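Subject: Handing over a structure

Hello,

Here is the structure I promised to pass on to you. Please have a look at it, and then read my notes below.

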Amino acid sequence: MANNPLPVARSRVSLGSATTTWDEVTASGDDYVQIGRIRSIGGFGDTFQEITVDEVNDGRTRKAKGTANAGNMEIVCSRDATDEGQIAMIAAAESQAAFNFMVELPNGDGTYHTYYISALVMSQNLGLGGPNDTQTITFNLGLNEALIEVEAGSSS
C-alpha cells in the first residue's frame with residue numbers, strides 16, 4: 001500500500017435529527033441532509049481534563065486523567081440561502097437540542113470512513129469582509145457524546 005496522504009477534499013458533513021438515543025444503530029439509521037458549500041471542517045475528538053496533585057514529600061506533581069470533553073467543531077461554508085443543509089443548520093442553531101451529525105472522510109480508494117457525532121449547534125455567524133471577499137456562514141458545534149467511528153466501507 002502506498003504511503004499517500006489523505007486529502008480533506010470530498011469530505012462530507014451531514015445533519016440528522018435531534019439526538020434521542022446515542023448508539024451506532026440509531027445514528028446510522030437516521031436520515032441526514034448534507035451541508036453544502038463547506039470550505040473547512042474543524043477537528044474533533046476527546047480531550048481529557050488534567051487532574052494534578054502536588055505532593056510535599058518528594059516535591060512532585062502527579063497527574064491523572066479526568067473527564068473527557070469531545071470539544072468543539074467549526075464548519076465554515078460559503079453562504080448559500082438555498083442550500084438545504086445550511087437551512088437545516090440555521091434551524092438547529094435556534095434549537096436547544098443536540099443533533100446527530102455524520103462526517104464522511106475519503107479513504108482515497110472510493111470508500112469513506114464515517115464518524116457519527118452528537119452536538120449542539122451553538123452559533124451561526126455570518127462572515128463578510130471586504131469587497132474582494134465572499135460571504136461565509138460559520139457554524140460552531142459543541143460536541144456532547146463520545147464519537148462513534150465506523151470502519152471504511154461505503155462508496156459514492
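**A lysine and its partner**

Let me start with Lys63, which counts as exposed at 61% relative accessibility (exposed is over 50% relative accessible area, buried is under 20%, and partly exposed lies in between, with a 1.4 Å probe and protein chains only). The side chains of Lys63 and Glu50 meet in a salt bridge, with 3.6 Å from N to O. Because Lys63 lies in strand E5 (residues 60-69) and Glu50 in strand E4 (residues 47-55), this pair ties together parts that are 13 residues apart in sequence. I use "salt bridge" for a side-chain nitrogen of Lys or Arg within 4 Å of a carboxyl oxygen of Asp or Glu.

**Before you go on**

Please keep in mind that this is a predicted model, in which local features need pLDDT of at least 70, side-chain atom pairs count only at pLDDT 80 or more, and totals for chains, interfaces and linings use all residues. Residues are numbered from 1 along each chain as its sequence is written, and side-chain values use heavy atoms, with hydrogens and water left out.

**The overall picture**

The protein has two helices and 10 strands (DSSP runs numbered from the N terminus: helices are H or I with at least four residues, strands are E with at least two). Along the sequence they follow the pattern β-α-β-β-β-β-β-α-β-β-β-β. The C-alpha atoms fill a box of roughly 65 × 45 × 35 Å, taken along the principal axes. Of the 156 residues, 33% count as buried. Among contacts with a separation of 6 or more, 64% come from residues 24 or more positions apart; a contact here means heavy atoms within 4.5 Å.

As for the surface, the protein exposes about 9,600 Å², and carbon and sulfur atoms supply 48% of that (Shrake-Rupley method, 1.4 Å probe; for residues, only the protein chains shown count as cover).

**The core**

Which residues touch the most other members of the largest nonpolar core? They are Ile75, Met89, Phe101, Val121 and Leu141, out of 21 residues in that core. At least two core residues come from each of strand E1 (12-18), strand E6 (72-78), helix H2 (84-93), strand E7 (99-106), strand E8 (111-127) and strand E9 (136-143). By "nonpolar core" I mean a set of buried Ala, Val, Leu, Ile, Met, Phe, Trp, Tyr and Cys residues joined through side-chain atoms within 4.5 Å.

**More salt bridges**

Side chains of opposite charge can pair when their charged atoms come close. The structure holds four salt bridges. One of them joins Glu104 to Arg12, with the closest N and O atoms 3.1 Å apart. That pair links distant parts of the chain, as Glu104 is in strand E7 and Arg12 in strand E1, 92 residues apart. Are these two residues buried or exposed? Glu104 is buried at 9% relative accessible area, and Arg12 is buried too, at 12%.

Asp58 and Arg62 also form a salt bridge, at 2.7 Å from N to O. Asp58 is partly exposed at 41%, and Arg62 is partly exposed at 37%. Together with Glu55, they are linked in a network of salt bridges.

**Some backbone details**

Most residues other than glycine have a negative phi, and most peptide bonds are trans. Arg10 has a positive phi, near 75°; this residue sits in the segment before E1 and is exposed, at 67% relative accessibility. Phi of Arg37 is positive as well, near 60°. You will find Arg37 in the loop between strand E2 (33-34) and strand E3 (38-41), where it is partly exposed at 47%.

Finally, have a look at Ala146, in the loop between E9 and strand E10 (148-155). Its C-alpha is 7.2 Å from that of Asp46, although the two are 100 residues apart in sequence. Ala146 is partly exposed, at 43%.

Enjoy exploring!

Best wishes
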